[in-house]
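Keep the sequence and the model open as you read.

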Amino acid sequence: MAFRTSDNPGHTGSWYAASANDKRVRPALEGELTADVCIIGAGFSGISAALELSERSYSVIVLEAERIGFGASGRNGGQIVNGYSRDLETIAGRYGRDKAIELGRMSLEGGNIIRDRVAKYAIDCDLVPGGFFAAFTDKQIRQMEEDKAEWEKHGHPGLEMVSKAEVAKYVKTDRYAGGMIDTLGGHIHPLNLVLGEAAAVESLGGRIFEGSRAIAVEPGTQPVVRTANGAVKASYVLICGNAYLAPLMPEIHGRMMPVSSQVMVTEPLDGALIESLLPANYCVEDANYILDYYRRTADNRLLYGGGIGYGGNDPKDLTGVIRPNMLKTFPQLQNARIDYAWSGNFALTLTRIPHMGRLSDTIYFSHGDSGHGVTTTHLLGKILGEAVAGHAERFDVWASLPNLPFPGGSTFRVPLTMLGAWWYGLRDKLGL
Ligand SMILES: Cc1cc2nc3c(=O)[nH]c(=O)nc-3n(C[C@H](O)[C@H](O)[C@H](O)COP(=O)(O)OP(=O)(O)OC[C@H]3O[C@@H](n4cnc5c(N)ncnc54)[C@H](O)[C@@H]3O)c2cc1C
């Protein structure tokens, strides 16, 4: 199937790239520059850190190998999902109640950072409130009830269980047994969000270079980051390349695995039709291990994501898994044309908990939001900025969490993880 492409060079052929508000290409780094902080990667993590530091009057240079938002940040489902890829009860069981309380205290902050920045810098990114978590089975509903009770202990005021009869208020399908809404969730055009935040960094004096892949990081009290045609000497280097970082810094990228997910977007649908499918305009994510996620776009398309590729390979058939899933959810869309389809990589850690830390006194990193990164990258980017500014208390909470390498090393980590995912996927299919 031939999909539409965009006139936005250097990006994947996504609907986001085609509908970006700002298609300006920033220059590549030429020559030697100095800054207080050099950040590698212009996704949500890097740009969030850059904005925090620029607001604190640090001089910042961001080096982006491709384009701002080229990676997961400019390709994702756009769903503002609060919390982490593991629930707070699991975190308490693994790392202790005190750590769960500290992480719980921060767990709504990422969404607030997004809403605050959208308002403060007047970022046009189609921000819409409300998310619906869809359950197929009674077991998934019971899990949501437990999650809700745990969240509420940590102060979440916006969760409400949804009965089977009430599902139609949020999504018109007979697939679900019920679910839960999060009024503090929501959705955005993620590429326009990161572009707006990048413009905010520039308005405060920060410099962003595109087409500027960092090819070496020389440690020291004044570390130096080198690109093909230039270098940046800084007091601190922040590494935010996430799933796209390899081959730079093998000591970091060996701690996470790139995993791909696919997204497709229909043609603009009749207004009454799309409104009947998703009446509340909430985004939807189901509770399966390999989940579907979908939402309306501002121009009345249905954006539908799912599928998974361990190791980060793009499948040849981008819609092969997700179009049949979309039709199971919405058989009414049998004849809807698919205009755009693409794949993107997020970074999975073995623990499914983001990984941040120091490689030296002057080189810090953050990655591994494990599929739920729109809010956590905003939080962790801000925390990276705080740490550079001398307030490392929250950074140290995250850095203290153990991060384990994937079993099987680089050869066997993909098949072993696939085996585990196959098992959990089978349990979902059998409704266990
Ligand atoms: C298809 C898909 C759907 C998703 N849907 C959702 C969702 O709906 N909700 C949600 O919460 N999360 C979602 N996620 C996860 C979320 O998008 C990510 O967790 C988040 O965007 C990661 O941001 P990041 O800045 O850490 O990494 P990225 O956005 O990947 O940015 C890393 C950047 O670093 C650059 N880079 C890498 N190496 C170098 C180098 N050596 N020199 C210079 N630059 C370099 C890359 O080019 C890239 O632009 C999804 C992810 C994918 C892939």
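Two strands pair if DSSP finds at least two bridges between them. Strands are DSSP E runs of at least two residues and helices are H or I runs of at least four, numbered from the N terminus. This is a predicted model: local features need pLDDT of at least 70, side-chain atom pairs need 80 or more, and totals for chains, interfaces and linings use all residues. Residues are numbered from 1 along each chain as its sequence is written, and side-chain values use heavy atoms, without hydrogens and water.

Q: Which residue stands opposite H367 in β17?
A: Strand β16 (residues 355-360) pairs with β17 in the antiparallel sense over five bridges. A hairpin of two residues joins β16 to β17. Opposite H367 stands H355.

Q: In β17, which residue is the bridge partner of L238?
A: Strand β10 (residues 230-239) pairs with β17 in the parallel sense, over three bridges. The partner of L238 is Y364.

Q: What is the distance from R358 to the ring centre of Y364?
A: A charge sits over a ring if NZ of Lys or CZ of Arg is within 6 Å of the ring centre and within 35 degrees of the ring normal. R358 lies over the face of Y364, and the distance is 5.3 Å.
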